[in-house]
Amino acid sequence: MADKKSSDKAKAVDKAKTTEKAKASDKANSVDKANDKAKSVDKVKASDKAKASAKTGKSKKAGFGARVRKYFRDLGSEMRKIVWPTRKTVLNNTIVVLTTVVIFAVVIWALDFGFGWLRQFLIDTLAGTVGSGS
């Protein structure tokens, strides 16, 4: 009897989960349809603008000077948005980078020195064994 109640509860839970998934899927589909509709409206508006400018023969493109002014105006605006690091932060980062470079330089030098010594040792050892055998 307890098994039947637990299986009924499990079925109810599975049904609830399936219903929730279906609702979420329907909601996602409706959002996708709305986005598609908005895109098609934007395309229609863009084509209407293109037809209107083609009829008048005028281009909406700004002149060279206006575009250069706009570029520098936007550049200044973006530069003001930047959060520049403090002098202390720059100094700390510089110290970290220089310390890391020095550590890696010492490690690479040590490896180079060790491998060079090992190469020379092997050459001397092999040359000694080859020369004594003759």
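In which helix is the place of Arg 67? Arg 67 belongs to helix H2, helices being DSSP runs (H or I) of at least four residues and strands runs (E) of at least two, numbered from the N terminus. The structure described here is a predicted model, in which local features need pLDDT of at least 70 and side-chain atom pairs count only at pLDDT 80 or more, while totals for chains, interfaces and linings use all residues. Residues are numbered from 1 along each chain as its sequence is written, and side-chain values use heavy atoms, with hydrogens and water left out.

The chain contains three helices and zero strands, and its pattern along the sequence reads α-α-α. Confidence is expressed as pLDDT, the predictor's score for each residue on a scale from 0 to 100. The mean pLDDT of the chain is 79, and 57% of the residues score at least 70. Helix H1 (residues 2-56) has the lowest confidence, with a mean of 64, whereas helix H2 (residues 64-81) has the highest, at 94.

Residues are classed by relative accessible area as buried (under 20%), exposed (over 50%) or partly exposed (in between), with a 1.4 Å probe and protein chains only. By this criterion, 0% of the 134 residues of the chain count as buried. Accessible areas were computed by the Shrake-Rupley method with a 1.4 Å probe, and for residues only the protein chains shown count as cover. The accessible surface of the chain amounts to about 12600 Å², and carbon and sulfur atoms contribute 66% of this area.

Two salt bridges were found in a search of the whole structure, a salt bridge being defined as a side-chain nitrogen of Lys or Arg within 4 Å of a carboxyl oxygen of Asp or Glu. In general, side chains of opposite charge can pair when their charged atoms come close. Lys 70 and Asp 74 are joined by a salt bridge with an N to O distance of 2.8 Å. Both residues lie in helix H2, four residues apart, or about one turn of the helix. Lys 70 is partly exposed at 45% relative accessible area, and Asp 74 is likewise partly exposed, at 35%. A salt bridge also links Glu 78 to Lys 81, with the closest N and O atoms 3.2 Å apart. Glu 78 and Lys 81 are about one helical turn from each other because they are three residues apart in helix H2. Glu 78 is partly exposed, with a relative accessibility of 45%, whereas Lys 81 is exposed, with 56%. Arg 67 is partly exposed at 40% relative accessibility. With residues up to four places away in sequence not counted, Arg 67 touches Lys 61 and Ala 62, contact meaning heavy atoms within 4.5 Å.

Tyr 71 and Phe 72 form one of them, an edge-to-face pair with 5.2 Å from centre to centre and 80 degrees between the planes. Rings of Phe, Tyr and Trp (its six-membered ring) pair if their centres lie within 6.5 Å, and planes under 30 degrees apart count as stacked, over 60 as edge-to-face and the rest as tilted. Both Tyr 71 and Phe 72 are exposed. The pair of Trp 117 and Phe 121 is stacked, because the ring centres lie 5.4 Å apart and the planes are at 10 degrees. Trp 117 and Phe 121 are four residues apart in helix H3 and therefore separated by about one helical turn. Trp 117 is exposed at 54% relative accessibility, while Phe 121 is partly exposed at 43%.

Trp 117 and Phe 121 also belong to a nonpolar surface patch, together with Ile 103, Val 107, Leu 111, Phe 115, Leu 118, Leu 122 and Leu 126. The accessible area of the patch is about 930 Å² in total. Patches comprise residues with over 30% relative accessible area and no salt bridge, like charges being joined within 9 Å and nonpolar side chains (Val, Leu, Ile, Met, Phe, Trp, Tyr) within 5 Å. Leu 126 is located in helix H3 (residues 87-132) and is exposed, with a relative accessible area of 53%.
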